Amino acid sequence: MIRFDNVAKRYPTGREGLAGVDLHLAPGEMAFLTGHSGAGKSTLLKLIGLLERATRGQVWVNSRNLNKLKHRDVPYHRREVGMIFQDHRLLHDRTVFDNVALPLVVAGMGHAEIQRRVRAALDKVSLLNKEKSPPISLSGGEQQRVGIARALVSKPPVLLADEPTGNLDPELSAEIMDLFVQFNQVGVTMLIATHDVALVNSLGKRIINLRDGRVESDTGASAA
Amino acid sequence: MSKGKAPKFRRNRNPLTWLLRHAQMSLSSLGRLSRNPLSTLMTAAVIGIAIALPSGLHLMIDNVRNLAGGWEGASSISLFLEQSLDDSQAEQIRHTVSLRPEVAEARLITKDQAMDEFRALSGFGSALDLLDRNPLPAVVLVRPSAAASSAEATGRLARELEAYREIEMAQVDLQWVRRLDAITHTLERGVGVLAALLAAAVLLIVGNTIRLEIQNRHSEIEIVKLVGGTDAFIRRPFLYEGIWYGLIGAVIAIILVLLALFLMQGPVERLVGLYQTRFDLTLLTSGTFLAILFGSPLLGLAGAWLAVGRHLKRIIPE
């Protein structure tokens with residue numbers, strides 16, 4: 001589903017985000033990206049979501065070579081990759097419902113279908129009763145769940161999360177991870193960057209540890 | 001599997017959905033503008049004034065033109081006859097002239113009539129009594145027929161009549177009409193230049209307003225890009241905003257022009273009354289009206305497009 005062939009990313013500032021990464025994630029696999037800040041976790045996720053482009057090597061997502069993807073196809077690629085951020089990235093002048101509906105509105109979905117899907121997504125993250133609230137009135141954990149509902153509402157085959165529990169206490173973090181495990185069980189390929197090693201170890205999933213832009217260790221590399 | 005044939009992206013190409021989305025987008029843009037009524041109206045008012053100015057001037061010149069045209073049609077030729085002719089000879093000339101096809105009417109003012117008129121109008125009454133003979137010539141006033149009423153035809157007619165031995169001089173009361181015509185042409189060109197400059201101003205006003213709007217909604221644009229919004233999708237609300245600004249500006253411009261016409265109606269009637277002609281201010285012709293109503297939104301769209309093209313590309317999600 002996701003494949004990196006000797007991928008490097010050097011930023012215009014000269015900083016090296018990735019220094020040659022080979023990686024393969026099978027469809028339906030769930031993996032954690034760990035490592036110190038600056039090890040390249042965010043860069044790796046950005047390359048998958050095409051927020052950045054690789055300076056060397058090839059990135060494949062969903063059988064597409066991202067290097068060859070035209071600018072006008074980037075939005076369509078992003079619709080297949082749900083992204084979850086540490087700072088939630090919610091629109092604070094819109095209701096929870098409208099925030100979650102955004103990917104569907106962008107994709108031009110019909111009104112009735114949007115209603116149905118958004119309710120289903122909010123139900124999964126247990127926020128159905130908050131659909132009319134502004135995000136600012138919610139707690140940090142609830143805001144993160146809105147972000148998660150938005151990422152999964154369009155049922156993307158790939159879900160990425162960058163430090164999704166970074167600002168949450170351990171109990172809420174565990175709740176969020178539980179959600180991710182549930183999504184993975186219905187077949188979503190998941191890649192989650194985190195430095196919460198204790199939590200990750202407790203889940204027994206594949207762990208890819210990055211260091212200075214390279215894969216230092218990988219507990220379950222599947223055959224490439 | 002990763003190197004197999006890549007699946008095609010699904011694109012929505014249903015024209016009905018597309019149309020519906022545009023309708024929704026245009027309404028939601030209007031809704032966004034109506035949430036800040038004061039700033040929206042101020043921007044639209046600036047556009048309205050910028051458009052009303054050349055439109056109003058154009059209208060005014062048009063009206064003066066019409067007026068001058070009316071006078072030109074009524075222009076006449078004064079034929080001053082030789083002093084030596086007596087009244088019956090003068091009458092004969094009048095008759096000859098009146099038979100020409102280009103002449104609608106020829107009226108004789110005899111020497112005595114001319115004297116009486118001059119005496120009554122000039123106030124030299126008693127002084128004129130001192131003259132031993134009437135120094136005024138008889139005059140034939142010629143009104144050209146409708147077919148010969150153009151400035152050119154009237155001039156030609158005058159020259160031909162002047163060739164008569166009995167006619168000392170033929171004078172066309174037309175020169176000033178031509179001058180007025182030339183002046184209005186010059187003014188019209190000036191208004192054209194002004195209109196072009198103000199159109200550029202409207203473009204910049206809308207462009208700048210949209211640029212600020214894009215800045216204000218920076219994070220929103222970023223998030224829409226993150227969830228897979230196409231450039232067209234992101235562009236659309238801003239383009240519609242430009243169109244709405246233009247349309248509201250057009251309505252304001254039309255109201256301003258009508259208001260100005262209403263205010264001028266009284267003085268103009270009094271002025272025209274002094275010249276003893278009847279004259280109605282023409283309102284906006286449907287052509288000008290449509291030009292404002294469609295041109296202004298187009299300018300708004302173009303202004304928005306300029307801003308959007310330059311600034312949306314710069315927003316790259318992180």
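Axes here are lines fitted to C-alpha atoms, for helices over the stretch in contact, and angles run from 0 to 180 degrees between N-to-C directions. Keep that in hand for a pair of helices in chain B. Helix 9 of chain B and helix 10 (residues 286-311) of chain B pack with their axes 7 Å apart. The angle between them is about 145°. Helix 9 passes helix 10 of chain B in a right-handed crossing. Their contact draws on 18 nonpolar residues, six polar residues and two charged residues. This is a predicted model, and every value in this text is computed from it.

Now step back to chain B as a whole. Its secondary structure comes to 10 helices and four strands. Read from the N terminus, the elements run α-α-β-α-β-α-α-β-α-β-α-α-α-α. Chain B has 318 residues, and buried residues make up 26% of them. Next, take the contacts in chain B between residues at least 6 apart in sequence. Of these, 84% join residues at least 24 apart.

Domain 1 of chain B covers 17-70 + 178-311. Domain 2 of chain B covers 76-173. The C-alpha centres of these two domains lie 54 Å apart.

Helix 9 of chain B has another partner. Two packed helices are described by the angle between their axes and the distance between the axes. For helix 1 (residues 15-34) of chain B and helix 9 (residues 231-274) of chain B, the axes come within 9 Å. They cross at roughly 65°. Angles of 65 to 115 degrees count as roughly perpendicular, so helix 1 of chain B is roughly perpendicular to helix 9 of chain B. The crossing of helix 1 and helix 9 of chain B is right-handed.

Which residues make this contact? Helix 1 of chain B brings B:M25, B:S26, B:S28, B:S29, B:L30 and B:L33. Helix 9 of chain B brings B:R236, B:P237, B:Y240, B:E241 and B:W244. By class, the contact of helix 1 with helix 9 of chain B has six nonpolar, three polar and two charged residues.

Start with B:R178, which sits in helix 7 (residues 175-216) of chain B. Is B:R178 buried, exposed or partly exposed? B:R178 has 14 other C-beta atoms within 10 Å, so it is partly exposed. A residue needs 20 or more to be buried, and 12 or fewer to be exposed. B:R178 and B:G48 are 130 residues apart along the chain. Their C-alpha atoms are separated by 34 Å.

Then move to helix 8 (residues 218-226) of chain B. Here B:I221, B:I223, B:V224, B:K225 and B:L226 are buried. Just after helix 8 of chain B comes B:G228, which takes a positive phi of about 95°.

Turn to chain A. Its domain assignment also gives two domains. Domain 1 of chain A covers 1-80 + 156-224, and domain 2 of chain A covers 87-155. Their C-alpha centres lie 23 Å apart. Between these domains, 10 residues of domain 1 of chain A are in contact with 11 residues of domain 2 of chain A. On the domain 1 side, helix 6 (residues 170-185) of chain A supplies the largest share, four residues. That side divides into eight nonpolar residues, one polar and one charged.

Look next at a helix pair in chain A. Helix 3 of chain A and helix 4 (residues 111-124) of chain A pack with their axes 9 Å apart, at an angle of about 125°. The two are therefore oblique to each other. The crossing of helix 3 and helix 4 of chain A is right-handed.

Last comes the place where the chains meet. The contact takes 19 residues from chain A and 20 residues from chain B. Helix 2 (74-78) and helix 3 (96-106) of chain A each supply at least two residues of the chain A side. The residues of that side divide into 10 nonpolar, two polar and seven charged.

Terms used:
Residues are numbered from 1 along each chain as its sequence is written. Chains are lettered from A and ligands numbered from 1 in the order in which they are written. This is a predicted model: local features need pLDDT of at least 70, side-chain atom pairs count only at pLDDT 80 or more; totals for chains, interfaces and linings use all residues. Two residues are in contact if their C-beta atoms, placed from the backbone, lie within 7 Å. Ala, Val, Leu, Ile, Met, Phe, Trp, Tyr, Cys and Pro count as nonpolar, Asp, Glu, Lys and Arg as charged, and the others, Gly among them, as polar. Domain bounds come from an automatic or database domain assignment. Angles under 35 degrees count as roughly parallel, over 145 as roughly antiparallel, 65 to 115 as roughly perpendicular and the rest as oblique. A crossing is left-handed if the near helix is turned anticlockwise from the far one by less than a right angle, and right-handed if clockwise.
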